[in-house]
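Please keep the structure in view while reading.

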Amino acid sequence: MVTRMIEAMHYFPAGFKWGTATSSHQVEGGNNNNDWSKWEQEPGHILRGHNSTIACDWWGGRWEEDLDRVVEGGQNTHRISVEWSRIEPSPGVWDDNALGFYRQILKSAVDRGLEPMLTLHHFTNPLWFMEQGGWLDPDSAQRFERFTRVVVSSLKEFVNLWITINEPNVYIYFAYIEGNFPPGVSDLGSAFTAAHNMARAHAAAYRAIHEIQGHARVGIAHHYRAMRPSRQANPIDRYLTNLRSRSFNNLFPKIIQHGQLRLLGKKTQIPEAINTQDFFGLNYYTLEHVAFDLRKPREIFSRGFFPPNADQSPTGFMANEPDGFLDALKFAKSFKLPIFITENGIEDASDEIRPRYLAQHLRQVWAAVNFNWKVEGYYFWTLVDNFEWERGWTQRFGLWALDPETQIRTKRRSADFYEKVCKLNGLSSEMVHKYAPEIFSEMFPDGGQRDFVSL
Ligand code: BGC
């Protein structure tokens with residue numbers, strides 16, 4: 001007689017959305033009219049001189065086979081973005097061919113039973129937009145609104161879930177403070193202006209979308225980086241952690257909640273931005289430790305780092321810190337809106353850490369859902385390895401590995417794991433045992449342990 005092992009189950013509510021997220025410039029290839037394509041050609045900007053070239057060749061038609069991977073992987077939603085420079089190659093000129101391309105992808109997604117989520121701005125800008133001053137120009141908000149109106153009018157048949165801007169805080173920080181995204185500016189005043197204009201742009205787009213599609217649901221994808229003081233008992237570390245976290249994590253969600261922009265001592269009102277999100281889109285990757293550091297005036301005399309004993313990704317870009325995800329979810333919940341996890345994932349070419357990262361992070365989503373926090377869906381970053389901005393092709397975030405030369409995709413074990421989760425609408429102890437045995441006893445402690453007995 002075969003006895004069936006009883007399994008622990010982390011079930012998710014019926015109708016929970018399971019998906020993956022991608023962005024246009026990172027997967028399409030062949031972009032030559034946006035600020036990133038120019039930036040990539042200039043020496044010193046991208047690690048090892050890489051550039052996006054044909055990326056995952058979506059522009060060449062490989063989106064179709066990748067959408068099949070989404071469906072075969074048991075997912076019921078996919079997040080994509082549109083490339084502004086293709087749709088509006090010069091000011092006020094609209095390219096029907098580009099709009100047709102996105103209509104075709106979205107129609108195929110819907111025909112395959114997927115609910116699309118669409119991002120209007122994911123880090124890239126048309127060259128003409130940058131020549132007109134980019135996000136520092138007071139008219140940038142109207143330009144973005146004009147683009148939004150065209151896109152929404154053309155694609156509304158297939159999309160109800162809209163993200164206006166992906167990670168405005170990351171974009172503002174890298175493009176206008178750190179200077180490692182185009183336009184490569186390093187100036188707090190510019191960062192403030194860009195944030196102001198982006199908030200106005202978001203508010204205008206929010207209204208435009210609702211005007212065109214009454215039932216639309218609109219938000220942003222906010223990047224939350226969890227932070228902990230390096231020395232818990234040290235008041236300076238604690239103070240700096242708090243300041244650093246507020247400067248980065250509050251930037252944008254609070255503006256579009258209260259209509260007030262505050263950034264390092266400066267503030268302004270943006271009344272039209274009050275209450276301009278219908279859900280909270282949350283991107284979470286990692287948690288950093290923060291310590292006082294005199295050598296880092298630009299980072300408010302603090303340093304963010306991962307301790308040597310952290311479960312770090314291969315290039316040291318991030319650490320596997322699921323506790324920080326709960327911080328992020330708590331933050332998201334404080335906005336009292338439905339939540340979508342719009343990105344979560346890890347760079348891990350050999351797929352050693354990813355399965356445990358996935359299990360541990362899904363456990364946090366499950367906890368949140370079962371506290372009755374209104375998490376409606378989860379998008380893993382990402383489907384297939386793609387072009388990772390200033391890090392080029394040195395990092396691999398895909399469920400599927402990609403050889404950019406041959407365009408051959410190879411399924412990683414994590415893809416099998418995620419497929420099982422999506423198909424079951426849950427995470428079982430058996431899955432953890434199979435894909436991440438090293439964390440099994442941590443996730444499912446046996447009854448003999450002291451902690452358990454003390455329950
Ligand atoms: C961005 C993605 C990026 C991912 C991993 C997120 O901040 O939205 O475009 O690929 O991080 O680096």
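## Helix packing and cysteines

Helix α5 passes α7 in a right-handed crossing. The structure shown is a predicted model. In the contact between these two helices, α5 contributes Leu99, Tyr102, Arg103 and Leu106, while α7 contributes Val150, Ser154 and Leu155. Of these contact residues, 5 are nonpolar, 1 is polar and 1 is charged. The angle between α5 and α7 is about 45°, and their axes lie 10 Å apart. The two helices are therefore classed as oblique to each other.

Helix α7 also packs against α9, again in a right-handed crossing. The α7 side of this contact includes Ser140, Ala141, Phe144 and Val152, and the α9 side includes Asn197, Arg200, Ala204 and Ile212. The residues that form the contact of α7 with α9 comprise 9 nonpolar, 5 polar and 4 charged ones. The axes of these helices come within 8 Å and cross at roughly 30°. Angles under 35 degrees count as roughly parallel, and α7 and α9 are therefore placed in that class.

| Helix | Residues |
|---|---|
| α5 | residues 96–111 |
| α7 | residues 140–155 |
| α9 | residues 188–212 |

Is Ile105 buried or exposed? With a relative accessibility of 4%, Ile105 counts as buried. Leaving aside residues up to four places away in sequence, Ile105 touches Trp58, Trp63, Leu67 and Ile80. Ala205 is 100 residues from Ile105 along the chain, and the C-alpha atoms of the two are separated by 23 Å. Ala205 itself belongs to the α9 side of the contact with α7.

The cysteines form the last topic. A disulfide is a covalent bond between the sulfur atoms of two cysteines. How many disulfides does the structure hold? The number is 0. Cys56 has a relative accessibility of 0% and so counts as buried. Cys422 is also buried, with a relative accessible area of 7%.

Technical notes:
Residues are numbered from 1 along each chain as its sequence is written. This is a predicted model: local features need pLDDT of at least 70, side-chain atom pairs count only at pLDDT 80 or more; totals for chains, interfaces and linings use all residues. Side-chain values use heavy atoms; hydrogens and water are left out. Axes are lines fitted to C-alpha atoms, for helices over the stretch in contact, and angles run from 0 to 180 degrees between N-to-C directions. Helices (H or I, at least four residues) and strands (E, at least two) are DSSP runs, numbered from the N terminus. Angles under 35 degrees count as roughly parallel, over 145 as roughly antiparallel, 65 to 115 as roughly perpendicular and the rest as oblique. A crossing is left-handed if the near helix is turned anticlockwise from the far one by less than a right angle, and right-handed if clockwise. Contact means heavy atoms within 4.5 Å. Ala, Val, Leu, Ile, Met, Phe, Trp, Tyr, Cys and Pro count as nonpolar, Asp, Glu, Lys and Arg as charged, and the others, Gly among them, as polar. A disulfide is a pair of cysteine sulfur atoms within 2.5 Å. Buried means under 20% relative accessible area, exposed over 50%, partly exposed in between (1.4 Å probe, protein chains only).
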